[in-house]
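Reader: Got the model open. Walk me through it, please, starting with the loops.

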Amino acid sequence: MTDPVVGVLALQGDVREHLAALTASGARAVPVRRPAELAAVDGVVIPGGESTTMGLLLRTFDLLEPLRAAVAGGLPTYGSCAGMILLASEILDTRPDAVHLDGLDVTVRRNAFGRQVDSFEADLDVTGLSGPPVHAVFIRAPWVERVGPGVEVLATVPVGPAAGRVVAVRQNSVLATSFHPEVTGDRRVHAMFVDMVRTAVQRLESADGTTRADGRPPLSA
């Protein structure tokens with residue numbers, strides 16, 4: 001069976017860690033820096049980093065509108081930390097010209113848990129993942145303050161001052177987490193996303209009965 005091709009937006013942030021986690025989860029992981037590279041993937045990851053910097057670089061590399069169109073068109077997309085911020089429809093505590101992709105009907109608060117010195121770790125029960133709780137690492141992380149009617153909440157902070165805050169969501173083909181699963185060695189979130197990508201590609205193959213849009217063989221080949 002052909003592995004799905006999953007790109008990692010490689011403009012800024014923890015790109016290498018996501019590439020390794022995706023590869024370990026059964027995908028062919030590739031960096032994405034150009035519109036043509038984005039057009040050749042079955043799914044894309046927007047990594048953690050600095051959301052305003054990533055937004056500026058999306059414009060510089062002429063990727064903003066192609067990425068926004070791809071997400072709107074159903075390209076499976078996963079955003080961690082800064083990626084969650086960029087995917088939101090509304091961002092609090094950011095610059096007036098901040099970029100957002102409108103991939104999730106949510107409102108997120110940037111740096112909600114505090115500055116980097118206030119980063120923390122917690123064990124989370126994540127809907128859809130079997131086994132023990134996910135050990136989550138939060139680094140200058142956002143949280144979700146508003147969830148639209150089509151958004152599924154996958155995880156909330158269990159204890160402490162932020163108890164009940166939403167930190168993982170899914171809406172159709174878009175997945176996002178406030179935390180960084182790529183840094184812990186637990187590949188279950190990435191495996192969930194690779195499964196989402198594989199399912200989306202197989203659904204398209206069933207619809208057209210041949211190959212993917214760029215001529216690559218079907219996953220079932």
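Reader: Asp 62: buried or exposed?

Author: Exposed, with a relative accessible area of 56%. Buried means under 20% relative accessible area, exposed over 50%, and partly exposed in between, with a 1.4 Å probe and protein chains only. This is a predicted model, where local features need pLDDT of at least 70, side-chain atom pairs count only at pLDDT 80 or more, and totals for chains, interfaces and linings use all residues. Residues are numbered from 1 along each chain as its sequence is written, and side-chain values use heavy atoms, with hydrogens and water left out.

Reader: Where is the place of Asp 62?

Author: In the loop between helix 3 (51–60) and helix 4. Helices (H or I, at least four residues) and strands (E, at least two) are DSSP runs, numbered from the N terminus. Asp 62 is not a glycine, yet its phi is positive, about 55 degrees.

Reader: Why flag that?

Author: Most residues other than glycine have a negative phi. Arg 140 also has a positive phi, near 45 degrees. Arg 140 sits in the loop between strand 8 and strand 9 (143–147). Arg 140 is partly exposed, at 33% relative accessibility.

Reader: On to helix 4. Which residues are buried there?

Author: Leu 64, Leu 67, Ala 70 and Val 71, in a helix that spans residues 64–72. They lie on the same side of helix 4, because their arc around the axis is only 135 degrees. That arc is taken from the directions from the helix axis to the C-beta atoms.

Reader: What does the face turned away carry?

Author: The exposed residues Ala 69 and Ala 72. After helix 4 comes Gly 74, with a positive phi near 100 degrees.

Reader: New topic. How many aromatic pairs?

Author: Three. Phe 120 and Phe 138 are stacked, because their ring centres are 4.6 Å apart and their planes are at 5 degrees. Rings of Phe, Tyr and Trp (its six-membered ring) pair if their centres lie within 6.5 Å; planes under 30 degrees apart count as stacked, over 60 as edge-to-face and the rest as tilted.

Reader: Which parts does that stacked pair tie together?

Author: Strand 7 (residues 120–124), with Phe 120, and strand 8 (residues 134–138), with Phe 138. Those parts are 18 residues apart in sequence. Phe 120 is partly exposed at 24%, while Phe 138 is buried at 1%.

Reader: What pair do Phe 138 and Phe 179 form?

Author: An edge-to-face one: 5.8 Å centre to centre, 65 degrees between the planes. Phe 179 lies in the loop between strand 12 (174–177) and helix 6 (188–208), so the pair ties together parts 41 residues apart in sequence. Phe 179 is buried too, like Phe 138. Ring pairs link Phe 120, Phe 138 and Phe 179 into a cluster.
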